Amino acid sequence: MIVIGLSDVHGDAAIIEKMGIVLKQADLVVLAGDITHFGHAAQARRVVDAVRRFSGCVLAVPGNCDHPDVNAWLDSEGINLHPEARMVENLGFAGLGGSLYTPFNTPFEYSEADAEDFLSRASEGLHENFPFVMVSHQPPADTSCDRLRDGRHVGSNALRKFIHEKQPLVCFTGHIHESPGTDTIGDSVIVNPGRPGHGRYAYAQISGRNVSVEVRSVSEAQSRNAV
């Protein structure tokens, strides 16, 4: 299975159009939050519909910049992973939307205790015998994916503990725009592609319990296609 991960689209449906060559490769596209830019369900629909033009299978979590009706709309579409789990073929997907409290009073923020509760609820839908993928807007603590420009780590300890204990194959994340890249917690790969407006996306190829993950650029995909 090829899974393409995008985060922090912030309502820019036009950038999705430019990524068509990438999204057509995907068996599944995951949207790891901040689908809108402090927007509502109509803006989320535009982004998701843009993705669906190229890939028929989409799962998502809302981000801290998405208003509550975005979460409700994702529920109504049957694509919301916050805070629950779904099976796609023989692979589980669990989600955590929103973020820890920020200095900016964004629409969807919560405490570490809340994060722990959300993760517990999501894990109830996972099957022990099947590998799974985590989709979380908030990155886990103390990785290369949660570091601000000043070097501070602002990820979630609750999520880090969950990943350490449950060992998802990969955790697609975002939220911290300036920290694109990959890291690991145990055998789990953590990937933050940064904003797609910067031309980057997460690419994962999953076969059983084997996974390869990297951050790629749209320009590289276009060059490969032109050859």
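This is a predicted model: local features need pLDDT of at least 70, side-chain atom pairs count only at pLDDT 80 or more; totals for chains, interfaces and linings use all residues.
Phe162 belongs to the buried set of helix 6 (residues 157–166), together with Ala158, Leu159 and Ile163. Viewed down the helix axis, the buried residues of helix 6 fall within an arc of 135° and so line one face of the helix. An α-helix has 3.6 residues a turn, so residues three or four places apart point the same way. The face of helix 6 turned away from the buried side carries His164 and Glu165, both of which are exposed.

At the start of helix 6, the backbone nitrogen of Ala158 has a side-chain oxygen of Ser156 within 3.2 Å. Just after helix 6, Gln167 adopts a positive phi of about 50°.

Three aromatic pairs were counted in the model. In one of them, Tyr110 and Phe118 have ring centres 5.2 Å apart and planes at 80°, so the pair is edge-to-face. Tyr110 and Phe118 are both buried. An edge-to-face pair is also formed by Phe132 and Phe162, with 6.3 Å from centre to centre and 75° between the planes. This pair links distant parts of the chain, since Phe132 lies in strand 8 and Phe162 in helix 6, 30 residues apart. Phe132 counts as buried because its relative accessibility is 7%. Ring pairs also join Phe108, Tyr110 and Phe118 into a cluster. In a separate type of ring contact, Arg216 lies over the face of Tyr203, at 3.7 Å from the ring centre.

The largest nonpolar core comprises 50 residues, and those with the most contacts inside it are Val3, Ile4, Leu31, Phe93 and Phe172. Helix 3 (residues 41–52) gives the most to this core, contributing six residues. Residues up to four places away in sequence aside, Leu31 touches Leu6, Val48, Val51, Val58, Leu59, Ala60, Val61 and Val135. Another core, of 21 residues, lies apart from the largest one and includes Leu96, Leu100, Ile185 and Ile190.

Several loop residues were examined in turn. Thr102 is located in the loop between strand 6 (99–100) and strand 7 (109–110). The side chains of Thr102 and Glu109 are joined by a polar contact of 2.5 Å. Beyond its neighbours within four places in sequence, Thr102 is in contact with Asn64, Glu109 and His175. The loop between strand 6 and strand 7 also holds Asn105, whose phi is positive, near 55°. With a relative accessibility of 69%, Asn105 counts as exposed.

Most residues other than glycine have a negative phi, and most peptide bonds are trans. Glu89, in the loop between strand 4 and strand 5 (91–96), likewise has a positive phi, near 55°. Glu89 counts as exposed, at 66% relative accessibility. The peptide bond from His82 to Pro83 is cis, with omega near -20°. Pro83 lies in the loop between helix 4 (68–77) and strand 4 (85–88).

Key. Residues are numbered from 1 along each chain as its sequence is written. Side-chain values use heavy atoms; hydrogens and water are left out. Buried means under 20% relative accessible area, exposed over 50%, partly exposed in between (1.4 Å probe, protein chains only). Helices (H or I, at least four residues) and strands (E, at least two) are DSSP runs, numbered from the N terminus. The arc is that of the directions from the helix axis to the C-beta atoms. A polar contact is a pair of N or O atoms within 3.5 Å; within protein, one must be able to donate a hydrogen and the other to accept it, and residues adjacent in sequence count only if both atoms are side-chain atoms. Rings of Phe, Tyr and Trp (its six-membered ring) pair if their centres lie within 6.5 Å; planes under 30 degrees apart count as stacked, over 60 as edge-to-face and the rest as tilted. A charge sits over a ring if NZ of Lys or CZ of Arg is within 6 Å of the ring centre and within 35 degrees of the ring normal. Contact means heavy atoms within 4.5 Å. A nonpolar core is a set of buried Ala, Val, Leu, Ile, Met, Phe, Trp, Tyr and Cys residues joined through side-chain atoms within 4.5 Å.
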